[in-house]
Amino acid sequence: MFPRNRVAGVAALVFLVILIGSLGYYILFFGQESFLKCVYMTVISLTTVGYGEVIDVSRRPVTVIYTMVLIISGMGVLVYAASSLTAFIVEGHFTGLLRRKHMQSQINKLSGHCIVCGVGETGLRVIDELLKNLNQVVAVDINPQRLSLLENVACSAERRAGSGGEGLFFLEGDATDDQILESAGIVKASGLVAALPTDKENLYITMSARMLNPTMRIVSKFVDVGIEPKLRKAGANSVVSPTLIGGLRIASEMIRPSAVDFLDKMIRSARGTLRIEEVPVKEGSKLAGKKLGECNLPQKYDLMVLAVEPSRGAPMEFNPNPEVTLEAGMVLVVMGEVHDVKRAREI
């Protein structure tokens with residue numbers, strides 16, 4: 001990527017050449033000519049416009065030699081500046097800069113979105129699944145090449161947009177920097193996933209995110225088992241070890257292959273987005289005060305109710321009785337298409 005500070009460096013170099021050239025004329029003529037005339041003489045010499053000399057340099061050999069050196073060296077600088085500016089535009093860097101500004105303006109409008117820090121092997125899977133479940137996602141990574149891997153994911157999200165997809169947004173920067181997290185809209189975000197390669201980075205991001213947004217949900221990846229309690233104390237609502245999950249998956253493949261195959265086909269099916277999701281019963285919900293059987297979730301929303309959680313963290317009632325009365329604060333664990341789940345949540 002063309003570094004923005006290189007453009008500033010080229011501009012500073014051109015300014016420096018003009019300044020040095022002007023000071024040279026001013027000193028060679030012992031201040032008898034105005035500094036503005038010296039600047040003008042320098043500019044018309046470097047640009048070779050041929051307007052005519054405003055300062056007569058032909059009377060003194062030293063000024064003639066100085067003018068020739070200034071033209072030769074200054075032209076080299078101007079050619080370099082022109083080629084750099086051309087490269088900046090032709091190679092798409094200027095377009096990229098405008099695209100990033102447009103992306104930032106879109107991010108500033110988001111609310112209730114998820115931030116994924118780290119677009120590695122884990123982060124890519126997280127982003128893809130969040131998009132399939134119709135979440136707005138801001139992906140943050142310091143490596144632009146990793147962000148480019150999301151182009152295919154973004155195209156898939158655009159194809160789903162007609163059926164409710166909310167979109168994917170990119171932000172290049174160090175996720176451990178508070179300013180980058182603020183640029184990602186952390187204050188208005190509903191959740192953050194820390195999926196960077198090292199436990200130290202994920203610990204730092206978790207702590208910073210919790211300080212910037214005390215109410216958001218934070219899920220962090222970890223490798224070293226010893227870091228788990230520190231992540232929870234730093235503010236993580238949940239922590240996940242890919243190694244541990246991988247071990248459990250291998251064991252499940254050995255002892256319950258059909259169940260694992262069912263879940264795989266459900267998640268990876270190209271015919272739809274069938275998922276096991278949760279539907280919270282909020283204050284003022286039309287479900288509150290009704291019996292589960294009266295809600296007719298299978299008929300109205302094509303959802304199968306697998307369990308009822310009386311409150312967050314409480315023991316679940318699996319295969320709940322239709323006579324269970326739903327109250328605000330309860331959570332229904334259901335299986336169905338993500339669009340049907342979304343419709344149920346809206347009530």
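1. Let's start with Phe30, which counts as exposed because its relative accessibility is 64%; exposed means over 50% relative accessible area, buried under 20% and partly exposed in between, with a 1.4 Å probe and protein chains only. Phe30 sits in the loop between helix H1 (4-28) and helix H2 (35-47). Its phi is near 55°, a positive value in a residue other than glycine.

2. A word on what you are looking at: this is a predicted model, where local features need pLDDT of at least 70, side-chain atom pairs count only at pLDDT 80 or more, and totals for chains, interfaces and linings use all residues. Residues are numbered from 1 along each chain as its sequence is written, and side-chain values use heavy atoms, leaving out hydrogens and water. Helices (H or I, at least four residues) and strands (E, at least two) are DSSP runs, numbered from the N terminus.

3. Now look at Phe29, also in the loop between H1 and H2. Is Phe29 buried or exposed? Phe29 is buried, with a relative accessible area of 4%.

4. What does Phe29 touch? Leaving aside residues up to four places away in sequence, Phe29 is in contact with Ile55, Asp56, Val57, Arg59, Arg60 and Thr63, contact being heavy atoms within 4.5 Å. Take Val57: it lies 28 residues from Phe29 along the chain, and their C-alpha atoms are separated by 9.3 Å.

5. Finally, check Leu134, in the loop between helix H5 (121-132) and strand S2 (137-141). Leu134 has a positive phi too, near 65°, and is not a glycine. Leu134 counts as buried because its relative accessibility is 12%.
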